[in-house]
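Student: I'm new to this one. Could you walk me through it, one question at a time?

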Amino acid sequence: MTAVVVSSVTKIFNQGRTDEVAALSDVDLEVRDGEFVSLIGPSGCGKSTLLRLIADLIEPSTGTVTVAGQGAAKARKEQAYGIAFQQAGLFEWRTVLRNVELPLELRGLSKRERKARAEQMLALVGLEDFAGHYPAQLSGGMQQRVAIARALAVQPPLLLMDEPFGALDEMTRERLQSELLGICAKTNTSTVFVTHSISEAVFLSDRVVVMSARPGRITASIEIDLPSRDDAGRQSPAYFDKITEVRQALRGTPASAPSPRSSESAAAGTDAR
Amino acid sequence: MKRALYVLLGLAVAAALWEGYKVVGNPEGTVLFGVRILPRADDLSMPHLWTVLERLGRPELTGGRPVWIVVAQACLFTLGITAAGFVIGALVGLLLAVAMERFRVVERGLLPYVILSQTVPLVALAPLVAGWGGTIMPPWAVVSVIAAYLAFFPVAVGMLRGLQSPSASGVELMRSYAAGWWRTLVKLRFPSALPYLFPALRLAGAAAVVGAVVGEISTGTRGGVGRLIIEYSREATSDPAKVYTAMLGAALLGLVVAGLVSLLELPLMRHRRHVEVATL
């Protein structure tokens, strides 16, 4: 089964008013089971809007969104996905453990089940020793890991992430990227990942979907196949070639086969944000 | 320990100011161009502190009970009225805040009247409410209603602010968990509102004391410290220290209420205490 199907979706905010904005125009997207898809594009291209549509936090003006074979609204009610935002958004009055327990609480799991599952998730993100801490006691990177653990707590088949590492420094960001890949591989979760970092999108994804603004639409869909997803992968020619390809797609120049020359220039500026 | 010391220091400074002014101040008060800018410092207007303390130990009337017992009992009576008013006011404030948060229309329609309610002078309102005493409720309950009328306001306004404080992403998160309005209220909005609620409750506590004292005076309810202040102030020319004993009682009552309210805060705000950040 396909994890996500978005078909001919249009989203217009404030329809019929003077401040009407066409955020998305005729978008089609399919995410296969277990696939990691990144949405990338300039600000205002509607990538976050698209993510929110999949999450049923907003409704499409026209078109349909299907998550795990059912309507997005039904999927949300069954907690068929986990979500993480740019701000960790932890509840400061709850300990780390109780933050991860929150979605399980709302699902009606027993106290013991909740605790066991939450501890397991904290171990997954390497924070089992901080279960009793309060969010204010943790650094930004640690808070984001708690947020990821919280998103994974219900073991959803789909993970939605809106620039989750956007507020972190480069070192923390790279470490969390590797951790995220490990987790996704272990749990076989499908992921939709919004970012505006080209290198992040290429490193993480099976496929990078490039969007453009006004009106928001998908302009390219680039399959990524790196030899490995580790530090060696970050140095491989395939990685730089794909970075160039995504960059060209973002600029709107036709994505021709990249020459060796262009991959060198990409190597000179890997921080292609 | 350190805090207790500061409290004592504060008392000492206040006492020194009082007695100091009595030493240097003009007994007739300082009058400039026909306007009295500094109060009289004579023993009639400002009795010595020890006179007040000593008055506490002497009987109220010849052969009666000592003043301090009378004042303490009156304070207890008023404390009961204040507590009832505080609880009613806090509950009404909470309900109003929840209703205003839930329905935009209610907020738009009600909030101006909530604010307006506090500009109506209490002394004008009290006699109206006083008529209820003895018919639909006991006389002391009328005073509680007046106290509640003052106490609900800070709670309603503060709590509304608190309920609206969660970030959009927090609300979206709850929506992503398929949590409805009630569960979002319980799991997200209430806990987020606590830092707004406690200062509001402290204000409400102070307002309830004022409401109770003024309510007793303007409805003529017997037994409380408000009534005592009125009774004793009639004897102010012959026995100036006496009225100060009642005022001292009222001030202590306010402190006790403020202390009790802040006790509520301790178990609920544990996460605010430690702030040391771990990095990993």
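This is a predicted model: local features need pLDDT of at least 70, side-chain atom pairs count only at pLDDT 80 or more; totals for chains, interfaces and linings use all residues.

Student: In chain A, what share of the contacts with a separation of 6 or more comes from residues 24 or more positions apart?
Tutor: Start with the contacts in chain A that have a separation of 6 or more. Then pick out those between residues 24 or more positions apart. Their share is 67%.

Student: How many helices and strands does chain A have, and what radius of gyration goes with them?
Tutor: Chain A comes to 10 helices and 10 strands. Its C-alpha atoms fill a box of roughly 55 × 50 × 35 Å along the principal axes, and 45% of its 273 residues count as buried. A compact globule with 273 residues would have a radius of gyration near 19 Å, and chain A agrees with that, at 19 Å.

Student: Which element of chain A has the lowest mean pLDDT?
Tutor: For chain A as a whole the mean pLDDT is 85, with 92% of the residues reaching 70 or more. Among its elements, β3(A) has the highest mean, 93. Over residues 257–273 of chain A the pLDDT is below 50, though this stretch has 22 contacts in the model beyond near neighbours in sequence. The element with the lowest mean, 45, is helix α10 (residues 260–268) of chain A.

Student: How many residues of helix α1 (residues 47–54) of chain A are buried?
Tutor: Among the buried residues of α1(A) are A:K47, A:R52 and A:I54. After the helix comes A:D56, with a positive phi near 60°. The helix is largely enclosed by the rest of the structure, because the buried count is 8 of the 8 residues.

Student: Which strand of chain A is joined to strand β1 (residues 4–13) by 5 bridges?
Tutor: Look at A:V6, whose bridge partner is A:V65. The two strands run antiparallel. The partner strand spans residues 62–67 of chain A, and its name is β4.

Student: And in the hairpin of β4(A) and β5(A), which residue takes a positive phi?
Tutor: β4(A) and β5 (residues 70–71) of chain A run antiparallel and are joined by 2 bridges. One pair of bridge partners is A:V67 and A:Q70. The hairpin has 2 residues between the strands, and the residue with a positive phi near 50° is A:A68.

Student: Which strands stand at the edges of the open sheet of 6 strands in chain A?
Tutor: The order in that sheet is β6-β7-β8-β3-β9-β10, with mixed pairing. An edge strand here has a single partner strand, so one side of it is left without a neighbour in the sheet.

Student: In which sense do strand β3 (residues 36–40) and strand β9 (residues 207–212) of chain A pair?
Tutor: A:S38 stands opposite A:V208 in β9(A). The two strands share 4 bridges, and the sense of the pairing is parallel.

Student: What does the fold of chain B look like, and is chain B compact or spread out?
Tutor: Chain B has 10 helices and 2 strands, running α-β-β-α-α-α-α-α-α-α-α-α from the N terminus. Its C-alpha atoms fill a box of roughly 70 × 60 × 45 Å along the principal axes, and 33% of its 280 residues count as buried. The radius of gyration is 23 Å, well over the 19 Å that the globule rule gives for 280 residues, so chain B is more spread out than a compact globule.

Student: Last one: which element gives the largest share of the side of chain A that touches chain B?
Tutor: The contact takes 23 residues from chain A and 21 residues from chain B. On the side of chain A, α2 (72–77) and α3 (96–107) each supply at least two residues. By class, that side has 14 nonpolar, 6 polar and 3 charged residues. The largest share, 3 residues, comes from α3(A).

Methods: Residues are numbered from 1 along each chain as its sequence is written. Chains are lettered from A and ligands numbered from 1 in the order in which they are written. Two residues are in contact if their C-beta atoms, placed from the backbone, lie within 7 Å. Ala, Val, Leu, Ile, Met, Phe, Trp, Tyr, Cys and Pro count as nonpolar, Asp, Glu, Lys and Arg as charged, and the others, Gly among them, as polar. The radius of gyration is taken over C-alpha atoms; the globule rule is 2.2 Å times the number of residues to the power 0.38. A residue is buried if 20 or more other C-beta atoms lie within 10 Å of its own, exposed if 12 or fewer, and partly exposed in between; C-beta atoms are placed from the backbone. Two strands pair if DSSP finds at least two bridges between them. pLDDT is the predictor's confidence in each residue, from 0 to 100.
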